[in-house]
Amino acid sequence: MPGHPKKNELRHVLRMAMLLILLLTGLILATARFRSFEVLGNAHYTKEELVEMIFSEPWDTNSFYQFVKEHTREHKQLPFVEKYELHWKGPLRMEIIVYEKKVIGYVDYMSSCMYFDKDGIVVESTGERLAGVPEIDGLQFGSIVLFRPLPVENETVFNDILNLTGALSLHAIPCEHIHYDRLLNAELTVGELTVELGQNKNMEMKISTLADILPKLDGRKGSLDLSTYIEDRERESYIFKESQ
């Protein structure tokens with residue numbers, strides 16, 4: 001027997017309603033794009049640079065698409081970034097937490113900057129010079145492999161570099177170049193000054209003294225010898241030789 005006309009009409013209305021709901025849901029999902037981003041932990045990159053790198057494909061800023069992608073694919077590998085996390089703070093709001101690679105210096109190798117961390121692990125190879133990270137030269141090493149230790153003769157140099165760059169950062173002394181000889185005596189280039197620091201002993205005090213001296217030598221060119229630093233508040237233990 002044929003179905004009741006009213007029941008058939010009701011089923012038809014329900015089907016159309018379900019279809020309309022599905023179409024509206026699809027439309028919402030297709031057009032729901034992130035409206036705001038919050039970035040935490042970034043120093044090397046700006047917020048805008050990170051958003052552009054992470055969400056580089058046309059559909060990446062779609063909230064639903066990115067949710068599926070987050071649970072089915074690995075994150076992109078970004079230079080100088082160890083990892084990053086994505087946290088939904090709402091359907092259209094995204095929080096990005098960035099964990100940057102901690103680099104203390106780089107060596108010039110085959111026309112590339114090979115950046116390494118406090119343990120001497122080469123973490124990045126690029127033609128870009130990272131602001132605030134000094135070039136280290138004078139180290140003797142063989143071939144360099146990314147994500148492997150820098151093959152130097154004396155691995156204690158990494159602790160020396162860490163102490164030195166940490167002290168420079170603490171006193172806000174800009175340094176683009178550090179030279180080490182075979183005895184691990186350090187020499188800095190700070191603007192027009194060459195600063196001889198000697199070995200790692202008393203390095204924090206040497207840099208503290210350097211921070212006090214630099215304002216007195218502003219605009220001057222020459223060499224400053226702090227290698228024979230003596231902790232004596234009654235007399236200055238440094239030699240400055242001015243050059244033309």
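The lining of the largest pocket comprises 13 nonpolar, four polar and six charged residues, where Ala, Val, Leu, Ile, Met, Phe, Trp, Tyr, Cys and Pro count as nonpolar, Asp, Glu, Lys and Arg as charged, and the others, Gly among them, as polar. The model is predicted: local features need pLDDT of at least 70, side-chain atom pairs count only at pLDDT 80 or more, and totals for chains, interfaces and linings use all residues. Residues are numbered from 1 along each chain as its sequence is written, and side-chain values use heavy atoms, with hydrogens and water left out.

**Largest pocket**
- Of the 23 residues that line the largest pocket, Leu-130, Ala-131, Gly-132, Val-133 and Pro-134 lie nearest its centre.
- A pocket is an open set of points on a 1 Å grid over the protein atoms alone where a 1.4 Å probe fits, with protein on both sides within 12 Å along at least five of seven lines; lining residues have an atom within 4 Å of a point.
- Helix H4 gives the most to this lining, with three residues; helices are DSSP runs (H or I, at least four residues) numbered from the N terminus.

**Packing of H4 and H5**
- Asn-163, Leu-164, Ala-167 and Leu-168 in H4 meet Met-203, Glu-204 and Ile-207 in H5, contact meaning heavy atoms within 4.5 Å.
- By class, this contact has five nonpolar, one polar and one charged residues.
- H4 and H5 are therefore roughly parallel to each other (angles under 35 degrees).

Definitions and conventions. Angles under 35 degrees count as roughly parallel, over 145 as roughly antiparallel, 65 to 115 as roughly perpendicular and the rest as oblique. Helices (H or I, at least four residues) and strands (E, at least two) are DSSP runs, numbered from the N terminus.
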